[in-house]
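Q: Could we go through this model together, starting with the overall picture and then moving to single elements?

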Amino acid sequence: MMRLITICLAAALLAACAVRPPEPVEDVERTWQQRLEVLSARDDWVLAGRVAVAVDEERWNANLRWRQDGEAYDIQIYGPFGRHAARLRGDASGVTLTDSEGRDHHARDADQLVYDTLGWRLPVNGLRYWVLGIPAPGGSLEAYALDPAGRPEQLAQSGWTVRYQRYSDEARPPLPDRMTLEFDDIRVRVLMDDWQMNP
């Protein structure tokens, strides 16, 4: 059953697209600080996309819909034909993971709940910020690299390495369009199909 959850926990592999080089800014570090200030204040958004997870020799793909509303979030992971594989809902009081059989699993911490239920790590707490292209607050930022436009090319935090391959020019500041996360033998690729800010 856990295998079914994880098999459905990701979707169509991410299509390769041409990447335009970023438009350079005069002061990269200042632009980065402005980006941190603006995006750290945004806590009401919806992300629709796809995720591909590789752990050792196993691979899973699924569709993803993430609704963030302040401290509350609702992450739906579903496979072909809209079949739900897992749903993760949480707020400051705790988190509930509903599996494909409709069973609820509760915990205080989302990362630990995913690990206990699925058997591998998915950094839900950090991912909330990493998908925006900023580091998670409170955790030490071990390293980062910026592109000429003041956007992160890479973040290293909490043992994870986050690489950004592409940004959407439709949003201001630009939001990640494609990213990869790595931790030990876990590799997670996220493709953002649609962003809605303050929906």
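A: A residue is called buried here when its relative accessible area is under 20%. This is a predicted model, and by that cut-off 48% of the 199 residues of the protein chain count as buried.

Q: How many helices and strands does the protein chain have?
A: The protein chain has 4 helices and 11 strands. Among its contacts with a separation of 6 or more, 50% are accounted for by residues 24 or more positions apart.

Q: Which residues touch the most other members of the largest nonpolar core?
A: That core has 47 residues, and those touching the most other members are Leu 88, Val 124, Trp 130, Val 131, Met 179, Leu 181 and Val 188. In soluble globular proteins, nonpolar side chains tend to be buried together.

Q: How many residues lie between the strands of each hairpin?
A: There are 6 residues between β9 and β10, whereas β10 and β11 have 2 between them, with Asp 184 in that turn showing a positive phi of about 50°.

Q: What does the side chain of Asp 177 make a polar contact with?
A: The partner is the side chain of Arg 166, at 2.7 Å. Beyond neighbours within four places in sequence, Asp 177 is in contact with Arg 166, Tyr 167, Ser 168, Val 190, Leu 191 and Met 192. The C-alpha atom of Asp 177 is also separated by 9.3 Å from that of Gly 49, although the two residues are 128 apart along the chain.

Q: On to helix α2, which residues are buried there?
A: In α2, the buried residues are Trp 32, Arg 35, Leu 36 and Leu 39. Seen down the helix axis, the buried residues of α2 fall within an arc of 100°, so they line one face. An α-helix has 3.6 residues a turn, so residues three or four places apart point the same way.

Q: What covers that buried side, and what does the face turned away carry?
A: The cover includes β7 (141-146), β8 (152-157), β9 (160-168) and β10 (175-183), while the face turned away carries the exposed residues Arg 30 and Glu 37.

Q: What caps the N-terminal end of α2?
A: Asp 27 does, with a side-chain oxygen lying 3.3 Å from the backbone nitrogen of Glu 29.

Conventions. Residues are numbered from 1 along each chain as its sequence is written. This is a predicted model: local features need pLDDT of at least 70, side-chain atom pairs count only at pLDDT 80 or more; totals for chains, interfaces and linings use all residues. Side-chain values use heavy atoms; hydrogens and water are left out. A nonpolar core is a set of buried Ala, Val, Leu, Ile, Met, Phe, Trp, Tyr and Cys residues joined through side-chain atoms within 4.5 Å. Buried means under 20% relative accessible area, exposed over 50%, partly exposed in between (1.4 Å probe, protein chains only). The arc is that of the directions from the helix axis to the C-beta atoms. Contact means heavy atoms within 4.5 Å. A polar contact is a pair of N or O atoms within 3.5 Å; within protein, one must be able to donate a hydrogen and the other to accept it, and residues adjacent in sequence count only if both atoms are side-chain atoms. Two strands pair if DSSP finds at least two bridges between them.
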